[in-house]
Amino acid sequence: MRRRQQNHLLNLTFSLIKYFLLALAGCTIAYLVALVLDLAPIAGAIAFLLEQVLARSLALLGCLWAIAVIHESARS
């Protein structure tokens, strides 16, 4: 019986996606709390973070995911 080797790149990609989604949920909750408490500067800072940093992180994670899938399909 042939044993399947672990793909560390795929595991890393899924871990990073999991933490990205957790960070996105946390930023969303913090943004909503800042809006409810009428803290406009904090809400603006969170909105800037979501627009700039997390959007670019999503693009990088998408590229990493594509590389991991291509690498996995090339191995088999």
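Let's zoom in on Thr13: is this residue buried or exposed, and what is its relative accessible area?

Modeller: Before we zoom in, keep in mind that this is a predicted model, where local features need pLDDT of at least 70 and side-chain atom pairs count only at pLDDT 80 or more, while totals for chains, interfaces and linings use all residues. Residues are numbered from 1 along each chain as its sequence is written, and side-chain values use heavy atoms, with hydrogens and water left out.

Now, Thr13 is buried, because its relative accessible area is 0%. Buried means under 20% relative accessible area, exposed means over 50%, and partly exposed covers what lies in between (1.4 Å probe, protein chains only). Thr13 sits in helix α1; helices here are DSSP runs of H or I with at least four residues, strands are runs of E with at least two, and both are numbered from the N terminus.

Who does Thr13 touch? Setting aside neighbours within four places in sequence, Thr13 is in contact with Leu64, Trp65 and Ala68, where contact means heavy atoms within 4.5 Å. Take Ala68, which belongs to helix α2. Ala68 also counts as buried, since its relative accessibility is 0%. Besides Thr13, Ala68 touches Asn7, Leu9 and Leu10, again not counting residues up to four places away in sequence. The C-alpha atoms of Ala68 and Asn11 are 9.1 Å apart, though 57 residues separate the two along the chain.

So how do the two helices sit together? Two packed helices are described by the angle between their axes and the distance between the axes. For α1 and α2, the angle is about 165° and the axes are 10 Å apart. The axes are lines fitted to C-alpha atoms, for helices over the stretch in contact, and angles run from 0 to 180 degrees between N-to-C directions. That is why α1 and α2 are roughly antiparallel to each other: the label applies over 145 degrees, with under 35 as roughly parallel, 65 to 115 as roughly perpendicular and the rest as oblique. The residues of the α1 contact with α2 split into 25 nonpolar, two polar and no charged. Here Ala, Val, Leu, Ile, Met, Phe, Trp, Tyr, Cys and Pro are nonpolar, Asp, Glu, Lys and Arg are charged, and the others, Gly among them, are polar.

The largest nonpolar core has five residues: Phe20, Cys27, Ile46, Leu54 and Leu61. Both α1 (8–36) and α2 (40–75) supply at least two residues of this core, and α2 has the largest share, with three. A nonpolar core is a set of buried Ala, Val, Leu, Ile, Met, Phe, Trp, Tyr and Cys residues joined through side-chain atoms within 4.5 Å. One member, Ile46, touches Cys27, Ala30 and Tyr31, leaving out residues up to four places away in sequence.

For contrast, look at Asp38, in the loop between α1 and α2. Asp38 counts as exposed because its relative accessibility is 65%. Its phi is near 60°, a positive value in a residue other than glycine. Most residues other than glycine have a negative phi.

Back on α1, you'll find Leu21, which is partly exposed because its relative accessible area is 49%.
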